[in-house]
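Biologist: I would like to learn how to read a model like this one, feature by feature. Could you walk me through it?

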Amino acid sequence: MNHFFSRPARTVSAAVASVLAACCLTACSGGRTGGSVAVRVNQVGYVTGEKKFAYVMGDREQLADVEYEVLDERGNTAGHGGLGPSLGGWNSTYTAVRTVDLSSLDRTGTYRLRLVGADAGPETRFRVAPARQLLDPLRADTVHFFGTQRDGADVLTDATGREPSHLTDQEARVYEPPRADAAAAGPEPAGSGGPVDVSGGWFDAGDFLKFTQTASYVVGQMLSTVRDTPSVPGLREEARHGLRWLDRMWDGTTGTLYAQVGLGSGGKGVRGDHDVWRLPEEDDRLTVEPGDADYLIKYRPVFRAGEPGGPLSPNLAGRVSAAFALAAQTEAAEDPAQAREWLDKAAAVYARADTRPDRGALVTTVPADYYQEHSWRDDMEWAAVELARGADTLGDARRSRWRDEAADWARAALKEERGGTLGPGDVSALAHAGLLTSADPDPGLAAALKAELRRQVETGRKRAAGDPFRSGVVPGDFDAVPNTFGLLATAELYARVTGDHRYDEFAARQLAWVFGANAWGTSFVVGAGDLYPHCLQHQVANLAMSRTGRGDILRGAVVNGPNDAGLLKERGTIEGGRPCSFAPDGRPWSEFDGRGAGYVDDVRAWQTVEPADDFTSTALYALSLTAARS
């Protein structure tokens with residue numbers, strides 16, 4: 001989960017393995033050598049027909065006369081020249097970051113980059129290939145990540161040897177959210193409600209909580225990927241798994257939407273999910289009675305998003321409605337009757353949205369600090385757009401009304417809210433692009449929506465202009481990596497709806513940054529490239545999977561990546577966890593920290609290496625849009 005406060009075996013297919021083996025050609029992106037020069041490349045590979053940049057970081061004077069040479073697979077010179085001008089210093093050791101422009105290399109193959117005039121260690125290898133060849137294995141890996149995240153009876157036992165877990169969620173009891181003045185005593189059961197079946201779904205992150213807030217966002221992105229981009233093996237069924245859980249979280253008979261399963265942190269005499277490190281199936285084996293400290297670990301509480309039959313927080317109502325409406329669209333061809341049921345459910349949730357919420361009253365999670373959100377009109381716009389699309393697919397007469405409402409919500413969002421980076425707290429990019437491609441807005445609104453999408457990407461481009469690695473995010477902030485994927489997705493959406501490709505180079509640099517062309521020389525997606533996180537703060541990965549970076553790793557998991565270096569200075573212990581800390585060549589990651597940003601690959605560092613569902617679904621969507629364009 002996107003935490004704001006500290007808290008304490010799979011088989012790879014032969015086809016995927018062969019592609020990954022071809023990708024694993026760099027030696028830590030060529031960066032960990034005996035000297036103070038480091039080379040950073042996109043370890044997954046560069047897309048043919050696009051701009052391609054590597055980075056050389058070192059002492060300013062040492063790099064003054066350095067040149068580069070590129071050799072092809074036969075050892076022939078494929079390129080050579082001088083380094084580009086310094087893009088700025090990174091830290092006191094690496095006082096200059098200079099570029100190597102590889103854009104002229106467009107023939108598919110593996111190349112070797114070496115520096116001439118500096119002791120930069122071994123050659124650095126990289127690939128050039130079409131986008132689908134590079135990205136399809138990674139897209140498939142994200143689907144496998146969600147398979148590992150499954151909860152309930154329908155777990156994938158071939159992934160890590162998992163067993164069914166949290167079967168007590170089939171008869172869960174509803175609780176009132178803990179009050180601030182009584183948090184130490186834990187939540188109290190609600191006066192009515194339950195038992196309810198909230199089993200299944202996905203764990204939200206490295207813990208075992210389940211949130212409607214993020215699950216609806218993930219399902220919506222998955223189904224948008226199914227509808228709009230080249231197919232990904234297993235994605236449709238994985239989305240259906242998430243849909244089945246969302247369906248359980250919505251009780252249409254009583255008009256109740258449930259927001260969360262599980263208690264995050266406990267208190268006096270009560271332990272919550274974050275207080276215990278274990279495999280999820282162990283919770284069902286507990287022998288507990290009411291009043292025992294671990295009672296709410298086995299018999300997990302369910303929290304409602306509002307009173308039964310009452311108005312719903314519009315952010316949750318909007319995105320749940322959008323997910324159901326997308327299900328109507330993607331199921332229409334195979335099962336029209338089921339698709340109409342999804343559309344009716346989407347309409348029912350949408351109709352219950354409280355469109356005049358009190359300031360600060362949006363419901364996300366319990367506590368709300370886990371996932372903060374300040375906008376909601378974008379969620380309602382997304383819902384109306386997808387409802388109209390679903391109605392159009394099924395010949396439903398409500399199409400015109402929902403299309404008009406989508407335009408109204410878009411105008412309200414443009415006036416009242418300032419869109420941020422695509423993520424669980426802001427879906428305006430999805431909503432605006434959807435409206436432009438499906439609802440034929442009037443010229444004035446269409447121009448305003450395109451300008452807003454451009455503004456969101458331009459915000460990242462302006463940041464990148466001042467960053468030595470041309471990153472569009474602030475690397476010392478939370479969610480640096482998922483925000484990068486959010487910017488990449490928005491750039492691709494902008495190009496789709498406008499035909500304007502001015503941000504293609506920016507997008508290519510962002511893709512390279514998350515896959516190794518960054519100060520630390522590591523990919524932030526497990527299994528992507530040659531160097532990636534080994535020691536995830538993820539209980540299943542830590543207790544039941546490999547910690548060596550080889551074998552049964554949590555392929556496809558996307559982590560936060562760099563964060564505020566000050567948050568990483570002190571790390572405690574995890575009771576019940578397996579120790580794990582990794583740094584290539586035994587050199588500290590801190591050598592490459594700079595500009596207030598730090599990174600460590602350590603199971604205790606949730607700030608940098610805890611994967612999350614929303615991180616990974618945003619990456620899936622961004623990579624799929626990139627693959628579709630090519």
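Biologist: Let me start with one side chain: is R227 buried, exposed or partly exposed?

Modeller: R227 is partly exposed, with a relative accessible area of 27%. The classes work like this: buried means under 20% relative accessible area, exposed means over 50%, and partly exposed lies in between, using a 1.4 Å probe and protein chains only. Before we go on, this is a predicted model, so local features need pLDDT of at least 70 and side-chain atom pairs count only at pLDDT 80 or more, while totals for chains, interfaces and linings use all residues. Residues are numbered from 1 along each chain as its sequence is written, and side-chain values use heavy atoms, with hydrogens and water left out.

Biologist: Which side chain meets R227 in a salt bridge?

Modeller: The general rule is that a salt bridge puts a side-chain nitrogen of Lys or Arg within 4 Å of a carboxyl oxygen of Asp or Glu. Here the partner of R227 is E386, at 2.9 Å from N to O. E386 sits in helix α8 (residues 377–394) and R227 in helix α3 (residues 212–228), so this pair ties together parts that are 159 residues apart in sequence. E386 is buried, with a relative accessible area of 2%.

Biologist: And where do the names of helices and strands come from?

Modeller: They are DSSP runs numbered from the N terminus: helices are H or I with at least four residues, strands are E with at least two.

Biologist: How many salt bridges does the rule give in the count?

Modeller: The count comes to 49 salt bridges. One of them joins E123 and R112, with the closest N and O atoms 3.2 Å apart. E123 lies in the loop between β7 and β8 while R112 is in strand β7, so the pair ties together parts 11 residues apart in sequence. E123 is partly exposed, at a relative accessible area of 29%.

Biologist: What about R240: which residue does its side chain meet in a salt bridge?

Modeller: R240 meets E334, at 3.2 Å from N to O. R240 belongs to helix α4 (residues 235–249) and E334 to the loop between α6 and α7 (336–351), so the pair ties together parts that are 94 residues apart in sequence. R240 counts as partly exposed at 22% relative accessibility, and E334 counts as exposed at 57%. Salt bridges that share partners join R150, D154, E237, E238, R240, R244, E331 and E334 into one network.

Biologist: Now for the strands. Which way do β4 and β7 run, parallel or antiparallel?

Modeller: Two strands pair if DSSP finds at least two bridges between them. Strand β4 (residues 67–71) and strand β7 (residues 109–116) run antiparallel and are joined by five bridges. In that pairing, Y68 stands opposite L115 in β7. Five bridges also join β7 to strand β8 (residues 124–129), again antiparallel, with G109 opposite V128 in β8.

Biologist: How should I read the surroundings of R319, and which residues is it in contact with?

Modeller: Start with its place: R319 lies in helix α6 (residues 314–331) and is buried, with a relative accessible area of 0%. Contact means heavy atoms within 4.5 Å. Leaving aside neighbours within four places in sequence, R319 is in contact with Q213, S216, Y217, E373, D379, W382, P424 and V427. A polar contact is a pair of N or O atoms within 3.5 Å; within protein, one must be able to donate a hydrogen and the other to accept it, and residues adjacent in sequence count only if both atoms are side-chain atoms. The side chains of R319 and E373 are joined by such a contact, at 3.0 Å.

Biologist: Last topic, the backbone: which peptide bond is cis?

Modeller: Most residues other than glycine have a negative phi, and most peptide bonds are trans. Here the bond from V366 to P367 is cis, with omega near 0°, and P367 is in the loop between α7 and α8.

Biologist: What is the phi of D440?

Modeller: D440 has a positive phi of about 50° although it is not a glycine. D440 is exposed, with a relative accessible area of 67%. R470 likewise has a positive phi, near 60°, but R470 counts as buried at 19% relative accessibility.
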